[in-house]
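Subject: Structure handover

Hello,

Please find the structure below, followed by notes on what was found in it.

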Amino acid sequence: MITFKVNGVARKFDGDPEMPLLWYLRDEIELTGTKYGCGEGLCGACTVHVNGSAVRSCQTQMQSLAGKVVTTIEGLSATGTHPVQQAWKQVNAPQCGYCQTGQIMQAVALLKTKPKPTDADIDSAMKGNICRCGTYQRIREAIKVAANSKSAAPKAAAQKAGGDE
Amino acid sequence: MNRIEVVTRRTFLGGVFSAGAFVLAAKLMPEEALAAPLTKAEKAAWNPNVYLGIETDGTVLIVIHRSEMGTGIRSVLPTVLADELEADWKRVKLEQAIGDKKYGDQNTDGSCSIRDFYDAFREAGATARHMLVAAAAAKWGVPASECKAQNHQVVHTSGKKIGYGELAAAAAKLTAPNKADLKLKTPAEFRYIGKSLPTVDIGDIVTGKGTFGIDAKMPGMVHASIERSPVYGGKLKSVDDKEALAVKGVQKVVTLPHLTPPYGFKPLGGVAVIANSTWAAKKGREKLKVQWDGGENAGYDSAKYKQQLLETVRKPQKAARNIGDVDAEFAKGGKTHEAEYYVPHLSHAPMETPVAVADFKDGKVVIHTATQNPQAVQDTVAAALGISKENVECHVTLLGGGFGRKSKPDYVAEAALLSKQLGKPVKVTWTREDDIKFDYYHAVAAMYLKARVDDKGRPTAWLQRSAFPSIGAMFSPMANTGQGFELGMGWSNLPFDIPNHRAENGPAKAHVRIGWLRSVANIYHAFGVHSFADELAALANRDRVEYLLDLLGKDRRIDLGQRDARSQKFPLDTARLRRVIELAAEKSGWANRKATKGRALGIAAHWSFYSYIAAVVEVEVDNAGKLRIPQVHIAADVGRVINTDRVRSQFEGASTFGAGIAMMSEITAKDGAIVQSNFHDYLIPRIQESPVMTHVHLVDSNEPPAGVGEPGVPPMLPAITNAIFAATGKRIRELPIRKQLA
């Protein structure tokens, strides 16, 4: 039996220890904002945070989660008020939108370590997240918008609705 | 209420529509609409037509019958109606249509949603507006001419106002005006058209609440993962499922029948592992031991096939267009130039793989899926199950990308067949490996071009030959040459003013499934034709922009011999092509930018989906041969622009999509099977590989709105390789570029 938290809620799991977190989130607790894209850690569509760091949930086995804190897009802010979500809306970044939750989770993690990322920082942090629609230039813009808005808005207030981060 | 009188389907849907859509429009008869399952919009208090309802509380419901795969169509097309209706967009609700022929054509493909439905949606909105005004005038006992619609209300010259909701019931009793009596808005009166309204789904998308096909579920559903023949058309020989059945969560292993050619949209057949979760189904499938009989395509080798195609284009083939006498001109001798080009198979690889959920019960099936074409789902599933299409109810989710893949509903039929077999709802989820290995591939193509040039380097004769497996082969095994619709995509409609021109096409047999991918045959045709034009310009040592404009010749409309309504509405007008070339040159600072070693601009201009696009691409090639694209300038004349921001975003995306095809994407086959399997070997651009900045310059136009989703792709390929030539002297004639610059 593994115990852990997802978006602030305590969870228990005693199924296949090798099952990726991705399928637990999607099939078992119906948090479908986290997407399947490749199953091999190649595209970033399934990005979530484990203990605050961005990971590929398709490569994160359930047995690795004991005592960990998981945050998904649903836990970032249910109402879309997180500054990164706001920035995404401001620049109309998504096209089909499928990869965007993974992109947002990756961008949030980037901004935590680099509040004012350079283009090189953005390339380096975001290169694992594929967008087939080709929204990269808007993603880059949105990250910069979020970086500027975050410095203006107190972090605690902006992330109030979030889970454990 | 008398619904017939308020639906003026003939005048409403007349004019621009193709014969097919016109016939389907007749199905808008309200009695038939009532006989079918009603959407919320149809239950609204007033239904002047299927697309629109107005509730007594003033809520406007618009049925959107096109699929949302990232173009924004689900948001943008309804704004056209809302604009003419003079509705407050905040009070508009959308209803995604199920698959039903009463909506007319629903195939969201071919960059045609706005092109085909702009007029109809405008007229629908205007019809409703007229009737609301008439209802208000009657209520007040004043002439309608003293009333006007304004932001969800009808206003009288005296200052009296009444809301749409209060007028709905009265308006429903009126006779709809004739189309001739409709007063459409002038462009100056537009409140949404030409603006940049945000998409309706953006809030759901950034919070993870949007429902894509993969998010659909039904109570009691089981999950299926399907093993298919690695060779196209291969048959199942044997299966050992003992170990698969031992995997925890696996419930059953069942066989899907092998169908006979032509395959069209039919499912491929195979062995399905049924389990209680996506993960268990996949894990179980990995334990299957399956033997296949590859059949006639087992020897398919794309490297050998490439040589075959090249040999084909080196020999005379059947002409698709013949002007003047190319042979006589060549026989004169003088300076000639020839070149061969090659573009490989490509895979669509939408970020969301094909997924469908189906529930078959009592002779009917309910489906939730990401599809570009819910009516093709109805047809395909009906044929697979042996039921009528009216018994196939297809709900359309958001699509995690489509690019043409999701207009082919083979995966939906798989779910429906399994549900029928198992007697419960089934979800079929394709893995990424399935998606890459069992796609309908973009056709591989070889091209040969030859020109004779005069002393200024201008062609006096231009011969072009192509060979590629046709999409038509999916539907008719006899189709072993390029079909008219394929040759009409940038091959038989060369816009250059050349006195002797012949476009030929030779045979090529399909050994994998072939399908349309974003911009289709324009991809290879544009690469061949516009690379060759650049080669001739280089040979003559002429400025590329000046040379291109010279090739275009005098402004004129080119007679392509097509007499259908759509071709008449959208003639190929070289003046518009000239204008986008000039605009792209101006905005990129072409005249003042001289190529330096490793850094240069390239240009190409292409007409497709009735839109005129020029791309100027800047490339940097370092000493190690690494290619970077710092900026792209796309000038686009797409006719009237409905949503400026979404049009821009489509061209930004096309820039990356085209760059990916040019730079890195390639599908190959060996021993009949596709070699690539996931994003490590089927490469598509990542953020650091994509063009850094794509500037989109839209021509302000009052021409009818033309295609937007696809036409940005074709000119990108030759613009990139032409820039590489300018920067390095290296002419790229085969795609992808990959390591050719090293």
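The largest pocket holds about 900 Å³ of space. It is lined by 32 residues, and those closest to its centre are F485(B), M489(B), R566(B), F609(B) and Y610(B). Four elements of chain B give two or more residues to this lining: the strands β13 (318-323) and β24 (599-608), and the helices α16 (484-487) and α19 (565-569). By class, the lining of the largest pocket divides into 12 nonpolar, 13 polar and 7 charged residues. Please keep in mind that this is a predicted model.

The structure has 12 cavities of 30 Å³ or more. The largest cavity contains about 530 Å³ of space. Its lining consists of 34 residues, with T71(B), S111(B), Q650(B), V708(B) and G709(B) nearest the centre. Three helices of chain B, namely α5 (73-85), α6 (113-140) and α21 (644-663), each supply at least two residues of that lining. The class counts for the lining of the largest cavity are 14 nonpolar, 14 polar and 6 charged.

The volume of the second largest cavity is about 160 Å³. It is lined by 19 residues, and S229(B), V231(B), Y232(B), L268(B) and F438(B) are the closest to its centre. Sorted by class, the lining of the second largest cavity has 9 nonpolar, 6 polar and 4 charged residues.

Helix packing in chain B

Two of the helices that line the largest cavity, α5(B) and α6(B), also pack against each other, at an angle of about 35 degrees and with their axes 6 Å apart. The crossing of α5(B) past α6(B) is right-handed. On the α5(B) side, the contact is made by I73(B), V76(B), L77(B), P78(B), V80(B), L81(B), E84(B) and L85(B). The contact of α5(B) with α6(B) comprises 15 nonpolar, 2 polar and 3 charged residues.

The helix α6(B) packs against a further helix, α7 (residues 164-172) of chain B, at about 90 degrees and with the axes 9 Å apart. The angle therefore makes α6(B) roughly perpendicular to α7(B). From α6(B), this contact uses M131(B), L132(B), A135(B), A136(B) and K139(B), and from α7(B) it uses Y164(B), L167(B), A170(B) and A171(B). By class there are 8 nonpolar residues, no polar ones and 1 charged residue in the contact of α6(B) with α7(B).

Helix packing in chain A

In chain A, the axes of helix α4 (residues 100-113) and helix α5 (residues 119-126) come within 10 Å and cross at roughly 130 degrees. The two helices α4(A) and α5(A) are therefore oblique to each other. The crossing of α4(A) past α5(A) is right-handed. Here Q103(A), Q106(A), A107(A) and L110(A) of α4(A) meet D121(A), I122(A), A125(A) and M126(A) of α5(A). The contact of α4(A) with α5(A) has 5 nonpolar, 2 polar and 1 charged residues.

Backbone geometry

Most residues other than glycine have a negative phi, and most peptide bonds are trans.

- The peptide bond from P261(B) to P262(B) is cis, with omega near 0 degrees. P262(B) sits in the loop between β10 (250-256) and β11 (270-275) of chain B.
- The peptide bond from L735(B) to P736(B) is also cis, with omega near 0 degrees. P736(B) lies in the segment after α22 (716-728) of chain B.
- E30(A) is not a glycine, yet it has a positive phi of about 55 degrees. E30(A) belongs to the loop between α1 (21-28) and β3 (47-50) of chain A.

Regards

Note on methods:
Residues are numbered from 1 along each chain as its sequence is written. Chains are lettered from A and ligands numbered from 1 in the order in which they are written. This is a predicted model: local features need pLDDT of at least 70, side-chain atom pairs count only at pLDDT 80 or more; totals for chains, interfaces and linings use all residues. Side-chain values use heavy atoms; hydrogens and water are left out. Axes are lines fitted to C-alpha atoms, for helices over the stretch in contact, and angles run from 0 to 180 degrees between N-to-C directions. Angles under 35 degrees count as roughly parallel, over 145 as roughly antiparallel, 65 to 115 as roughly perpendicular and the rest as oblique. A crossing is left-handed if the near helix is turned anticlockwise from the far one by less than a right angle, and right-handed if clockwise. Contact means heavy atoms within 4.5 Å. Ala, Val, Leu, Ile, Met, Phe, Trp, Tyr, Cys and Pro count as nonpolar, Asp, Glu, Lys and Arg as charged, and the others, Gly among them, as polar. On a 1 Å grid over the protein atoms alone, a cavity is a set of points where a 1.4 Å probe fits but cannot get out, and a pocket is an open set with protein on both sides within 12 Å along at least five of seven lines; lining residues have an atom within 4 Å of a point. Grid points are joined across faces, edges and corners, and a volume is the space filled by probe spheres set on the points.
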